[in-house]
Amino acid sequence: MSAVLPPSHTVSARALAAPSDVEPGPSLGSLVGAAWALALRDLRLAGRRRTDTLASLAFFVMASSLFPLALGSEPALLARLAGGVPWVAALLASLLPLARLFEDDRADGTLEQLVLSPHPLPVLVLGKVTAHWLASGIPLALVAPLIALQYGLPVEALLVLLASLLLGTPILSLLGAVAAALATGLRGGALLLSLMVLPLSVPVLVFGCGAVDAVLSGQSPAGALSLLGAGLLLALAGAPAACAAALRISVEA
């Protein structure tokens, strides 16, 4: 007669798995560390290619400075342009280094290693976008108030311009990263990148310029800055995943 095990000896299938057989997922610290390590790597590469960063900054300075020289020194006219010119120049300047954001990694095989990495690809993409913003967006935002002095902006408007650029340039970097991922490996990708980024950046320009115009008209810029902050949160939530999907398609193609 076969013995019947008592209920205390009944073992579920889940309990049969040894604790060592269960692979824990990556922790938050490891994800942040992987993204930051990739950002530092891209920043070191940007430091070796200073001409790209300096060319972007020089373009921004020259494009912003040509308008007062061409239109004259009438204070009322310059004040009307003060909110829009630095923003448009910052958008165009941020496009210059975007063409190489993923293209160099695709050429040397690094992009395939990133796709095959155990870390989530959107997290790694966020690290690369952070490096792009630190190398191009931060210098543009810091130089913009100095350039805007040519337009006779008051100190309060200069501070709002700086705050709007600090909120808006990360959005431009995230949108540009999605376009750069879609254009990776394509012939004429730089032109395609510009055609994709410019229409998507219109709301950012509207709210960024609106914040400065609100100060000049005696109103509060809080609404425009809040919309920029909301746009940044939406871009952070969606752009890395969209960029990762585009990169996977580029690698598999």
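Q: Hi! How many salt bridges are there in this one?
A: Hello! The count comes to six salt bridges. Bear in mind that this is a predicted model.

Q: Good to know. Which residue does Arg-41 pair with?
A: Arg-41 forms a salt bridge with Asp-42 through their side chains, at 2.8 Å from N to O.

Q: And is Asp-42 buried or exposed?
A: Asp-42 counts as buried because its relative accessibility is 11%, and the cut-off for buried is under 20%.

Q: What about Asp-105, which residue is its salt-bridge partner?
A: That would be Lys-128, with the closest N and O atoms 2.6 Å apart. Asp-105 sits in helix α6 and Lys-128 in helix α8 (residues 121-148), so this pair ties together parts that are 23 residues apart in sequence.

Q: Nice. Are those two buried or exposed?
A: Asp-105 and Lys-128 are both buried.

Q: Which residues are linked with them in a network?
A: Arg-41 and Asp-42 are. Together with Asp-105 and Lys-128 they are linked in a network of salt bridges.

Q: How accessible is each of them?
A: Arg-106 has a relative accessible area of 40%, so it is partly exposed. Glu-103 is also partly exposed, with 24%.

Q: New topic: how many residues are in the largest nonpolar core?
A: It has 61 residues, and those with the most contacts inside it are Phe-60, Trp-87, Phe-102, Cys-243 and Leu-247. Helix α9 (residues 155-183) gives the most to this core, with 14 residues.

Q: What does Cys-243 touch?
A: Leaving out residues up to four places away in sequence, Cys-243 touches Phe-102, Val-125, Ala-177, Val-178 and Ala-181.

Q: Last one from me. Where is Ser-250 found?
A: Ser-250 is in helix α12 (residues 222-252). With a relative accessible area of 17%, Ser-250 is buried.

Q: And which residues does Ser-250 touch?
A: Not counting residues up to four places away in sequence, Ser-250 touches Arg-106 and Thr-184.

Q: What separates Ser-250 from Leu-111?
A: Their C-alpha atoms are separated by 9.5 Å, while along the chain the two are 139 residues apart.

Definitions and conventions
Residues are numbered from 1 along each chain as its sequence is written. This is a predicted model: local features need pLDDT of at least 70, side-chain atom pairs count only at pLDDT 80 or more; totals for chains, interfaces and linings use all residues. Side-chain values use heavy atoms; hydrogens and water are left out. A salt bridge is a side-chain nitrogen of Lys or Arg within 4 Å of a carboxyl oxygen of Asp or Glu. Buried means under 20% relative accessible area, exposed over 50%, partly exposed in between (1.4 Å probe, protein chains only). Helices (H or I, at least four residues) and strands (E, at least two) are DSSP runs, numbered from the N terminus. A nonpolar core is a set of buried Ala, Val, Leu, Ile, Met, Phe, Trp, Tyr and Cys residues joined through side-chain atoms within 4.5 Å. Contact means heavy atoms within 4.5 Å.
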